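Good morning. Please look at the structure while I go through a few of its side chains.

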Amino acid sequence: MFGVLAGVKSISAVCATFAARFLPTASTFQVTALSLFVGLVYMRIFLKERLHDEEDNYDGGGDERMLAEPILENAPTRTHVFNNKYSSLKDMVALMKNSTILVQALAVTFFVTFSQSGMESAFMYFLKARFGFKKNDFAQLSLLIWIIGSISQLFLLRILVSAIGERRVLSTGLLMDFFNAAILSVSWSPWVPYAATALLPGVMFVMPSIYGIASRQVGSAEQGKVQGCIYVVKSFAEVVAPFVYSPLTALFLSDNAPFYFPGFSLLCNAFCLMIGFLLSLLIKDVPRGGRTLPGTGSQAPYCS
């Protein structure tokens with residue numbers, strides 16, 4: 001499911017890249033604002049979300065009841081891990097205390113997001129300063145990246161997860177992401193970034209695999225809290241990364257660099273990904289179901 005959602009997001013990025021490629025710069029922001037407005041109107045009119053607890057004796061339609069089901073097949077049924085009086089921060093702490101695997105997934109999320117956000121803030125700056133890339137060059141490269149990403153997430157990810165499991169897919173994707181960043185850091189010609197896209201399928205597997213691993217740690221009632229934990233870690237990493245990588249990239253592309261290595265910031269990205277890869281090896285294979293709690297008929301998440 002997370003792979004499908006990520007694939008749809010990649011397809012939207014392909015459409016956005018097409019628009020950026022052919023629209024004037026001034027019109028790009030207007031089209032962006034219009035797209036956001038259309039999305040808001042669509043969500044307000046068509047999106048239905050009616051989640052009711054079992055004790056409410058709600059008997060809505062099948063489509064509405066589906067929203068209360070677990071996101072993943074064979075996910076553990078809902079368990080009352082949280083007390084309603086807890087704050088969001090206490091919810092997060094309680095959730096992490098109940099699952100070592102979730103803590104490990106959050107640690108991997110931080111290093112992955114820190115690296116990817118750093119790549120976003122440094123990579124285009126590096127290509128422009130090193131090889132003179134312009135708007136059309138960036139659009140062509142981005143288009144290639146998102147096309148490969150959408151195909152990988154929509155078609156390849158589900159096959160690989162079924163064959164080898166999410167944890168192995170995550171580790172494989174992180175290793176490929178490491179090699180991708182390492183190769184880009186020593187780019188010696190404008191064609192190298194295009195050739196490095198051969199490693200992108202693995203890169204696109206990382207975050208959907210993390211979402212899947214984390215989702216399996218709790219029941220359906222706590223899915224929102226788990227995804228909230230992930231987005232808190234992602235947001236923190238996204239805020240911190242530009243403060244580190246932007247000045248680092250500027251320093252090594254300037255004449256005042258301590259040594260000649262224009263892609264040093266990209267190599268630092270690769271080191272962060274290697275840390276994430278090593279942490280992913282510590283995650284136990286995620287079970288397909290939950291364990292039954294003594295004295296109850298419900299299932300609790302597997303926790304290591």
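Is Glu238 buried, partly exposed or exposed? Glu238 is partly exposed, at 38% relative accessibility; the cut-offs are under 20% relative accessible area for buried, over 50% for exposed, and in between for partly exposed, with a 1.4 Å probe and protein chains only.

First, the ground rules. This is a predicted model, in which local features need pLDDT of at least 70 and side-chain atom pairs count only at pLDDT 80 or more, while totals for chains, interfaces and linings use all residues. Residues are numbered from 1 along each chain as its sequence is written, and side-chain values use heavy atoms, with hydrogens and water left out.

Now the salt bridges. A salt bridge here is a side-chain nitrogen of Lys or Arg within 4 Å of a carboxyl oxygen of Asp or Glu. The count is 2 salt bridges.

One joins Lys234 to Glu238, with 4.0 Å between the closest N and O atoms. Both sit in helix H11, 4 residues apart, so about one helical turn separates them. Helices, by the way, are DSSP runs (H or I, at least four residues), numbered from the N terminus. Lys234 is buried, at 12% relative accessible area, whereas Glu238 is partly exposed.

There is also a salt bridge between the side chains of Glu166 and Arg216, at 3.3 Å from N to O. This pair links distant parts of the chain, 50 residues apart: Glu166 is in helix H7 (residues 166–185), and Arg216 is in the loop between helix H10 (206–215) and helix H11 (223–252). Glu166 is buried at 12%, and Arg216 is buried at 8%.

Back to Lys234, from the side of a neighbour. Thr109 lies in helix H5 (residues 100–131) and is buried, at 0% relative accessibility. Which residues does Thr109 touch, leaving aside its neighbours within four places in sequence? Thr109 is in contact with Met207, Ile210, Ile230, Val233 and Lys234, where contact means heavy atoms within 4.5 Å.

Last, the surface. Leu34, Phe37, Val38, Val41, Tyr42, Ile45 and Phe46 form a nonpolar patch with about 750 Å² of accessible area together. Patch members have over 30% relative accessible area and no salt bridge; nonpolar side chains (Val, Leu, Ile, Met, Phe, Trp, Tyr) are joined within 5 Å, and like charges within 9 Å. Areas come from the Shrake-Rupley method with a 1.4 Å probe, and for residues only the protein chains shown count as cover. Phe46, in helix H2 (residues 25–46), is exposed at 54%.

Methods: Helices (H or I, at least four residues) and strands (E, at least two) are DSSP runs, numbered from the N terminus.
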